[in-house]
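User: I am new to this structure and would like to learn how to read its strands. Please take me through one part of it.

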Amino acid sequence: MATSILDLNSEQTAEASAEGDDLRLVEALRQASEQAYEELLSRFQQPVYTLALRLLNDQSEASDVVQEVFLKVFRNIGNFRGQSTLKTWIYRITVNEAHNTRRWFFRHRRREVELDTSLEDARNWKEIIPDRSRSPFEEAFDHEQHLMIEAALEKINPIFRDAVVLRDITDLSYEEIAEVLGVSLGTVKSRILRGREALRDELAGSLNARPALRLVPKTAE
Amino acid sequence: MSCEHVQELISPLLDRRLAAGEREKMLAHLQVCRKCDEHLEAIQNQRKALRRMDCAPVPAGLTAQLRVMASHERERHLSRATLAARFRYWSGRMELMVDNLMRPFALPFAGGLLSALVIFSVLVPSLSFHHNFGDEAFFTSPDGEVVLVDSRGGYVQAGYLDPRILPLNIAIPDNSNAVTLTVDENGKVCDWYVSRGQLTPELLNVVMFSQFKPATNFGLPTAAKVNAVQQVLPGRMRS
């Protein structure tokens, strides 16, 4: 019991500290401090890009969304009242921008087909360079798994996908997700549950334990 | 607890959002129900796989673009901070706009102006002529010097005053003799009549021997009339 009280206190202290950091950063941004712009980018460009990428599953679209998000953040930082955390405010802008992009995509580019670039070609070189600390099998397995999950995420309802991505990839709490999506806590719970179930149906058992390495005997030629 | 209910609670269980009592009941069910346990394991694996996707490397180009954008936005923000800064910003933009607009024209304009000046200064000596846009410019009366014959039969210039050649529009004085001459385009007298007083030998000399510069009309020689006037001195006047 004592431990849980201590945990609660430390969580509250961390929250207060984060809130203080946010307010300081926002104030510095309002004063147009160069350092503040740097700090905002270094803190948020990675998570915002990841979120946009997972919501859209397209690198170029995600890059465009990230630029739009930061443009809005820079221009509207004066309107930030501190009613939510800076993180949830920025994530909310990201989710809205991703929705707008997705809507635009479905209206205009649905019928476009890439001619000469495969998914493999479109990937960043950093993603292609092998990680020497892991075995090729693990690397290939993870890669395959990522592709499967990306494909499955793309198939599920965008409303559920947003909730699942925010919870399981971006690791937001239910309360933060409710703020980002602008819905009630109950709705968040329901969307996460349904999203996970939909994802499980799409993946249909492919993410169970790693398959054993099978050696297929072949006759010598 | 039914399996359906337990499967609905798997998600809150993984997110630690179940009350202690409900959690205990659920765990007890999972220990005896293989189907629900497999369901839990599938969702857990799925979560683990999703968590491994939490860090996609940001493209280097995007990072650079964001830094450039941040720099522009900061400048924009600073330019709107005060009225003076705003004025400086807009005047700078206007200056840049005018500069950008004029720059493509500046070189051709300067070159054109310079070449026009050179060409004009080269051609102007050959183009220079007397411009006089008065009445004389279009029509000039005949003009000339009165020539007399001396005692030896040679031509001599007559005196300045007697007789004088006057254009028709100048009135002839009362106490004078005058002849009106018609001078052709070659400067020769082709016709004449006494317009006042009487014909004196001096006036006759003028009629017969004087050479005129012909009248001009738009620069071309033409025939015109002129008066030769000789003032009658009191001593010489004939009654």
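User: In which sense do strand β5 (residues 164-166) of chain B and β11(B) pair, and over how many bridges?

Analyst: This is a predicted model. Strands β5(B) and β11(B) pair in the antiparallel sense, with three bridges between them. Within this pairing, B:I165 has B:A228 as its bridge partner.

User: Which residue in β11(B) stands opposite B:L181?

Analyst: B:V226 stands opposite B:L181. The pairing here is between strand β6 (residues 176-183) of chain B and β11(B), antiparallel and over eight bridges.

User: How should I picture the side chains along a strand?

Analyst: In a regular strand, side chains alternate between the two faces of the sheet.

User: Why is strand β11 of chain B largely enclosed by the rest of the structure?

Analyst: A residue counts as buried if 20 or more other C-beta atoms lie within 10 Å of its own. In β11(B), residues 224-231, six of the eight residues are buried, so the strand is largely enclosed by the rest of the structure.

User: How many residues lie between β6(B) and β7(B) in their hairpin?

Analyst: Five residues lie between them, and B:G187 in the turn has a positive phi of about 85°. Strand β7 of chain B covers residues 189-196 and pairs with β6(B) in the antiparallel sense over six bridges. In that pairing, B:T182 stands opposite B:D191.

Conventions: Residues numbered from 1 in each chain as written. Chains lettered and ligands numbered in written order. Predicted model: local features only at pLDDT ≥ 70, side-chain atom pairs only at ≥ 80, totals over all residues. Buried ≥ 20, exposed ≤ 12 C-beta atoms within 10 Å, placed from the backbone. Helix = DSSP H or I, 4+ residues; strand = E, 2+ residues; numbered from the N terminus. Pairing = 2+ DSSP bridges.
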